[in-house]
Amino acid sequence: MDYLNSAPLVWGLLHGPPQDLFDLTFRVPSECADLVASGAVDIGNIPVIEMSRQNLEMVPGVGVASRGAVRSILLVSKCPLGEIRTLAADSSSRTSVALTRIVLSRRYGVEPLFLPCAPDLAGMLDHADAALIIGDPALRLDLSLLPYHVADLGQEWTEMTGLPMVFAVWAGRQEAIVEPYGTALAASCRYGLAHMEDIVRQETAQRGFPEPLVREYLTRHIRFELSDAHELAIETYLKYAAALERTAVSGGVSA
């Protein structure tokens with residue numbers, strides 16, 4: 001989970017009181033999901049879509065979410081969104097790829113062909129009508145300078161459903177989601193939120209982002225504590241994703 005938005009979740013594990021409960025490994029979300037699937041790790045901060053695909057249990061109360069604009073999951077298009085036919089996708093977060101399909105299908109009536117690509121906007125748009133940029137690469141874009149249609153998928157989801165959007169959660173096999181692990185992960189998040197300025201200073205230096213961008217992203221755009229509304233959002237998202245996958249399979253297209 002080597003994205004800026006994971007920093008508060010693990011801050012307590014890295015900098016809080018010693019617990020000796022976890023051996024931490026850092027990967028992007030899709031790789032975290034693969035490690036859980038293979039049994040190489042017990043619990044991962046994984047894309048929400050993997051909960052249904054792998055039949056996993058989540059640690060309640062903490063995750064990576066937004067309500068409205070998320071800023072780090074962007075659909076950048078050379079044409080209006082309802083005219084997209086091909087889409088180059090950074091597949092490092094499977095939740096975001098599925099979210100893009102849901103929004104384009106349900107809100108704009110299009111189901112473009114997805115092309116896996118490295119997260120380089122210019123190269124992606126050389127090969128497709130639009131590009132899905134996720135995580136830190138999205139944060140590095142100056143949106144004011146882009147001569148394209150830009151849709152924030154967190155905003156698109158909330159406008160479409162009236163719900164927050166949950167992108168990633170701590171999850172694992174049922175036998176792994178036991179105490180004291182859930183309590184420790186929730187406490188790590190609370191510790192991170194209480195030390196947000198320390199996180200902002202460290203992540204600014206390590207990632208080379210402007211400090212105001214890091215602070216605004218982690219305090220305005222991302223939410224880390226989940227409520228009943230977030231649980232409903234997860235249920236709605238997984239229902240929409242399953243319906244879209246069934247449609248794709250019935251139409252002879254791989255989901």
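Contact, in these legends, means heavy atoms within 4.5 Å. The structure is a predicted model in which local features need pLDDT of at least 70 and side-chain atom pairs count only at pLDDT 80 or more, while totals for chains, interfaces and linings use all residues. Residues are numbered from 1 along each chain as its sequence is written, and side-chain values use heavy atoms, with hydrogens and water left out.

**View 1. Leu 75 and the nonpolar cores.** Leaving aside neighbours within four places in sequence, Leu 75 is in contact with Leu 81, Ile 84, Leu 87, Thr 100, Leu 104, Ala 130, Ala 131, His 149, Val 150, Ala 151 and Leu 153. The largest nonpolar core has 73 residues, and Leu 75, Val 169 and Tyr 237 touch the most other members. Another core, of twelve residues, lies apart from it and includes Ala 88, Leu 125, Ile 133 and Ala 138. A nonpolar core is a set of buried Ala, Val, Leu, Ile, Met, Phe, Trp, Tyr and Cys residues joined through side-chain atoms within 4.5 Å. Buried means under 20% relative accessible area, exposed over 50%, and partly exposed in between (1.4 Å probe, protein chains only).

**View 2. The open sheet.** Five strands make up an open sheet with mixed pairing, in the order S5-S4-S6-S3-S7. Strands (E, at least two residues) and helices (H or I, at least four) are DSSP runs, numbered from the N terminus; two strands pair if DSSP finds at least two bridges between them. Strand S5 (113-116) and strand S7 (149-152) are at the edges with a single partner strand each, so one side of each has no neighbour in the sheet. From one strand to the next, the twist averages 25°. S5 pairs with strand S4 (residues 86-89) in the parallel sense over four bridges, and Thr 86 has Leu 113 in S5 as its bridge partner.

**View 3. Helices across the strands.** Helix H4 (residues 94-108) lies across strand S3 (73-77), S4, S5 and strand S6 (130-134), and runs at about 140° to S6. H7 lies across S3, S6 and S7, at about 65° to S7. Axes are lines fitted to C-alpha atoms, for helices over the stretch in contact, and angles run from 0 to 180 degrees between N-to-C directions.

**View 4. The rings around Trp 157.** Three aromatic pairs are found in a search of the whole structure. Rings of Phe, Tyr and Trp (its six-membered ring) pair if their centres lie within 6.5 Å; planes under 30 degrees apart count as stacked, over 60 as edge-to-face and the rest as tilted. Trp 157 and Tyr 237 form an edge-to-face pair, 6.2 Å centre to centre with 70° between the planes. Trp 157 is in helix H7 (residues 153-161) and Tyr 237 in helix H11 (residues 228-250), so this pair ties together parts 80 residues apart in sequence. Trp 157 is buried at 0% relative accessible area, and Tyr 237 is buried at 1%. Trp 157 also forms an edge-to-face pair with Tyr 240, at 5.9 Å centre to centre and 65° between the planes. Tyr 240 counts as buried at 17% relative accessibility. The charged end of Arg 106 sits over the ring of Tyr 240, 3.6 Å from its centre (the criterion is NZ of Lys or CZ of Arg within 6 Å of the ring centre and within 35 degrees of the ring normal).

**View 5. Gln 202 in helix H9.** Gln 202 belongs to helix H9 (residues 196-207) and is partly exposed, with a relative accessible area of 28%. Apart from neighbours within four places in sequence, Gln 202 is in contact with Trp 11 and His 15.
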